[in-house]
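Please look over the sequence and the model before reading on.

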Amino acid sequence: WLNDDFSAPSALAEERSGAGQVASSVLVDRGVYRMQTPPGQLGWTLFDLAQTTSYHLETSAMLAAPSAGGAAGVIARFGGSGNFYLLSVDGSGASSVQLWLGGTPYTVQSSAAPAFAAGQANRLAVEDDGVRLRFYVNQVLVAEVLNPQLPFGRPGIAAIAAGAQEAVVDYDWIAIYRPQ
């Protein structure tokens with residue numbers, strides 16, 4: 001349905017800037033969509049899939065080495081700023097699936113992610129077939145949520161800076177398509 005390799009200005013990815021806020025922009029010369037998240041914040045870019053009841057979102061994310069305390073992620077079933085599912089993988093390779101309800105995160109599952117490292121491109125994906133959510137890191141299923149608590153909502157990508165440093169995440173490409 002949607003894809004972008006960020007080799008030209010993007011109609012999919014929003015550009016933002018502002019002091020103390022998440023900044024994002026397409027760096028055409030590098031062919032990436034960069035998200036810079038200030039310390040202690042979570043930033044996201046969402047995609048509109050109107051009239052869609054299932055999808056597979058996949059992207060290639062690279063967590064910049066200087067922000068190894070940060071994390072890259074994908075979002076599913078976004079129903080407002082405090083209600084969504086988030087798969088994140090940090091620079092040490094730890095993955096986490098969280099359910100955010102009313103702005104409070106609840107860990108659904110956490111584990112070591114297969115071969116995810118800061119400074120290297122890694123594939124992140126979420127699949128929503130209407131009945132379950134599946135989260136993948138480097139094409140390996142890391143978590144599955146049956147009968148999700150939230151209704152169908154927008155998917156997206158995220159950059160997380162849980163520590164005292166900003167997180168910088170470069171997305172090389174994104175593709176959203178119908179699940180097989």
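The model is a predicted one. The protein has 14 strands and zero helices. Its radius of gyration is 15 Å, close to the 16 Å that the globule rule gives for 180 residues, so the protein is as compact as a globular protein of that length.

**Overall build**

- Read from the N terminus, the elements run β-β-β-β-β-β-β-β-β-β-β-β-β-β.
- Along the principal axes, a box of roughly 40 × 30 × 30 Å holds the C-alpha atoms of the protein.
- Of the 180 residues in the protein, 49% are buried.
- Among contacts with a separation of 6 or more, 61% come from residues 24 or more positions apart.

**Surface and charge**

- The protein exposes about 8,100 Å², and 49% of that area is supplied by carbon and sulfur atoms.

**Strands β7 and β8**

- Strand β8 covers residues 94–101; six of its eight residues are buried, so β8 is largely enclosed by the rest of the structure.
- Strand β7, made of residues 84–90, pairs with β8 in the antiparallel sense over six bridges.
- The two strands form a hairpin with three residues between them, and G93 there takes a positive phi near 95°.

- Strand β10 spans residues 121–128 and is mostly covered, with six of its eight residues buried.
- On one pairing, strand β5 (residues 55–63) runs antiparallel to β10 and is joined to it by eight bridges.
- Within the pairing of β5 and β10, S60 has R123 in β10 as its bridge partner.
- β10 also pairs with strand β11 (residues 132–137), again in the antiparallel sense, over five bridges.
- Across from E127 stands R134 in β11.
- β10 and β11 make a hairpin with three residues between them, and G130 in the turn has a positive phi of about 95°.

**Residue S88**

- S88 is part of strand β7, and S96 in β8 stands opposite S88.
- The relative accessibility of S88 is 12%; buried means under 20%, so S88 counts as buried.
- Neighbours within four places in sequence aside, S88 is in contact with A71, A72, G73, A94, S95, S96 and I160.

- F6 sits in the loop between β1 (2–4) and β2 (23–27).
- F6 is not a glycine, yet its phi is positive, at about 55°.
- With a relative accessibility of 1%, F6 counts as buried.
- Q139 sits in the loop between β11 and β12 (140–146).
- Q139 is also a residue other than glycine with a positive phi, near 65°.
- The relative accessibility of Q139 is 55%; exposed means over 50%, so Q139 counts as exposed.
- In short, F6 is buried, whereas Q139 is exposed.

Technical notes
Residues numbered from 1 in each chain as written. Predicted model: local features only at pLDDT ≥ 70, side-chain atom pairs only at ≥ 80, totals over all residues. Heavy atoms only, no water. Helix = DSSP H or I, 4+ residues; strand = E, 2+ residues; numbered from the N terminus. Rg over C-alpha atoms; globule rule 2.2 N^0.38 Å. Buried < 20%, exposed > 50% of the residue type's maximum accessible area, 1.4 Å probe, protein only. Contact = heavy atoms within 4.5 Å. Areas by Shrake-Rupley, 256 points an atom, 1.4 Å probe, with all protein chains shown as cover. Pairing = 2+ DSSP bridges.
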